[in-house]
Amino acid sequence: MLTKKYSTLVLLKIGLMLLLGNLNAHAQTATEGLQTHERMYQVELIVFARAETNPQEHWPTDVKLSYPENLVSLKNESNPDGFSLLPSAERSLNSQAATLARSGTYTLLYHQAWRQMIYARKTNIFISGGKTFGGHQELEGSIALSVGQFLKIQTNLWLSQFVPAGTNLTDTWPELPSLPFTDTAQSDKNQDYLIKRIVKVSQDRSMRSNEVHYIDHPLLGIIVKIIPYEPDSKTN
């Protein structure tokens, strides 16, 4: 009887060890799979505004505007993680941007391409574009890029509409955050203009590399494409 119990316990222990071993192997494989996606990529981003179809539409005024910590500027040559802003000739979405710019229906606010390391941890990138009013531009905010099983983009962008100071406005909007890579005194120098409206786009999107992805909004459109980059290869 003791022998049977002993044998049963031994078999249970062996089975448990095999099970744990398989679980550890799967966990290690999954971890290694995640790690292999951390690499250098070429990122291209287009942001455009839509012509407003309903000027009377009401947008919430209690929008929260802020920049995240550890923000990176693409124009800063000392950026970590191999950031490299590309010339326009090396972009792959130039034809799409040109179509938007001459459409008469859309306004091209931002179009840049760059190379960077993308990690499992988020990298926050400063974005701004469009016309300048005082110390601010129509489009401001940031995006966050990361990679796990899929690439992921998080948008933290806002579109501001400005009117000359003295215009009679019915809504009260929050102050725009000071630009993180501009002299504070200059960025807050906006006394010639008032804010008529702010629309914020906060979305998370998982995506595959080498595909063009589109993030839709009634007043903003965002096009993004991320391509794995090898230093000795040519991207398409």
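With which residue does aspartate 204 form a salt bridge? The partner is lysine 152, and the closest N and O atoms are 3.9 Å apart. By salt bridge I mean a side-chain nitrogen of Lys or Arg within 4 Å of a carboxyl oxygen of Asp or Glu. Aspartate 204 lies in strand 9 (residues 204-207) and lysine 152 in strand 7 (residues 151-164), so this contact ties together parts that are 52 residues apart in sequence. Aspartate 204 is partly exposed at 48% relative accessible area, and lysine 152 is partly exposed at 30%. Buried stands for under 20% relative accessible area, exposed for over 50%, and partly exposed for what falls in between, with a 1.4 Å probe and protein chains only.

A word on provenance. This is a predicted model, in which local features need pLDDT of at least 70 and side-chain atom pairs count only at pLDDT 80 or more, while totals for chains, interfaces and linings use all residues. Residues are numbered from 1 along each chain as its sequence is written, and side-chain values use heavy atoms, with hydrogens and water left out.

Let me turn to the overall architecture. The chain contains three helices and eleven strands; these are DSSP runs numbered from the N terminus, helices being H or I of at least four residues and strands E of at least two. Of the 236 residues, 39% are buried.

Five of the strands form an open antiparallel sheet, in the order 3-4-1-11-10. Pairing here requires that DSSP finds at least two bridges between two strands. Strand 3 (84-85) and strand 10 (212-216) are at the edges with a single partner strand each, so one side of each has no neighbour in the sheet. Strand 10 is joined to strand 11 (residues 220-228) by five bridges, and isoleucine 215 has isoleucine 222 as its bridge partner in strand 11.

In one of them, aspartate 216 meets arginine 50 at 2.5 Å, N to O. This pair links strand 10, which holds the aspartate, to strand 1, which holds the arginine, across 166 residues. Aspartate 216 is partly exposed at 43%, as is arginine 50 at 24%.

Another joins arginine 39 to glutamate 230, with the closest N and O atoms 2.9 Å apart. Arginine 39 belongs to strand 1 (residues 39-50) and glutamate 230 to the segment after strand 11, so parts 191 residues apart in sequence are tied together.
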